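Welcome! Please take a moment to look over the sequence and the 3D structure below, and then let us walk through them together.

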Amino acid sequence: AKSVTLIHRRNEFRGALDSVEKVQELKNLGKIELITPAEVVGLVGNTNLEEVVIKQGAEVFNRECDHFIPLFGLSPKLGPIADSGYIRHRRR
């Protein structure tokens with residue numbers, strides 16, 4: 001890719017430490033742009049994606065792009081599923 005921009009809703013990341021360190025390293029090397037805290041609030045284009053609409057605080061702006069890859073984090077907190085008895089933990 002000519003450029004890569006990572007948009008994240010918070011300033012801090014809760015991913016695996018090695019992944020967080022890799023993101024910071026790529027940012028520091030100028031290989032990716034990091035926009036935080038922000039969120040994608042719209043997509044622009046007719047037959048192909050042309051821009052994403054980004055909201056950062058009170059500011060809303062568009063960024064040209066060819067591809068958009070939304071990723072959603074996973075929470076290890078299973079809530080009622082963990083208490084249902086359907087998940088059994090292995091004992092070591």
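Is Glu12 buried, partly exposed or exposed? Glu12 counts as partly exposed because its relative accessibility is 47%; here buried means under 20% relative accessible area, exposed means over 50%, and partly exposed lies in between (1.4 Å probe, protein chains only).

Before going further, a word on the model. This is a predicted model, in which local features need pLDDT of at least 70 and side-chain atom pairs count only at pLDDT 80 or more, while totals for chains, interfaces and linings use all residues. Residues are numbered from 1 along each chain as its sequence is written, and side-chain values use heavy atoms, with hydrogens and water left out.

**The chain as a whole**

The chain holds 2 helices and 5 strands, and its elements follow the order β-α-β-β-β-β-α from the N terminus. Helices (H or I, at least four residues) and strands (E, at least two) are DSSP runs, numbered from the N terminus. Of the 92 residues, 15% count as buried. The accessible surface is about 8,300 Å², and carbon and sulfur atoms account for 51% of that surface; such areas come from the Shrake-Rupley method with a 1.4 Å probe, and for residues only the protein chains shown count as cover. Contact here means heavy atoms within 4.5 Å. Among contacts between residues at least 6 apart in sequence, 32% join residues at least 24 apart.

**The sheet**

Which strands make up the open sheet, and in what order? The sheet has 3 strands in the order β3-β4-β5, with antiparallel pairing. Its edges are β3 (39-44) and β5 (59-64), each of which pairs on one side only. On average, neighbouring strands of the sheet are turned by 25° against each other, direction ignored; the axes are lines fitted to C-alpha atoms, for helices over the stretch in contact, and angles run from 0 to 180 degrees between N-to-C directions. Strands of a sheet pair through backbone hydrogen bonds.

Two strands count as paired if DSSP finds at least two bridges between them. Between β3 and β4 (residues 51-56) there are 5 bridges, in the antiparallel sense. Val40 sits opposite Ile54 of β4, and Glu39 sits opposite Lys55 of β4. These two strands, β3 and β4, form a hairpin with 6 residues between them, and Gly45 in the turn has a positive phi of about 155°.

**The core**

Ile54 also belongs to the largest nonpolar core, which has 6 residues: Ile35, Ala38, Val52, Ile54, Phe61 and Cys65. A nonpolar core is a set of buried Ala, Val, Leu, Ile, Met, Phe, Trp, Tyr and Cys residues joined through side-chain atoms within 4.5 Å. Leaving aside neighbours within four places in sequence, the contacts of Ile54 include Ile7, Ile35, Ala38 and Phe61.

**Salt bridges**

How many salt bridges are there? The count comes to 2, where a salt bridge is a side-chain nitrogen of Lys or Arg within 4 Å of a carboxyl oxygen of Asp or Glu.

| Salt bridge | N to O distance |
|---|---|
| Glu12 and Arg10 | 3.9 Å |
| Arg63 and Glu33 | 2.7 Å |

Arg63 lies in strand β5 and Glu33 in strand β2 (residues 33-35), so the pair ties together parts that are 30 residues apart in sequence. Arg63 counts as partly exposed because its relative accessibility is 26%, and Glu33 counts as partly exposed at 35%.

His8 is in the loop between β1 (5-7) and α1 (17-28). With 18% relative accessibility, His8 counts as buried. Beyond its neighbours within four places in sequence, His8 is in contact with Phe13, Ile35, Thr36, Pro37 and Ala38.

Ile32 has its place in the loop between α1 and β2, and counts as buried at 15% relative accessibility. Not counting residues up to four places away in sequence, Ile32 touches Val4, Val23, Leu26 and Lys27. The C-alpha atoms of Ile32 and Leu6 are 7.1 Å apart, although 26 residues separate the two along the chain.

Where is Gly57 found? Gly57 is in the loop between β4 and β5, and is exposed, with a relative accessible area of 52%. Its C-alpha atom is separated by 9.5 Å from that of Thr36, and the two residues are 21 residues apart along the chain.
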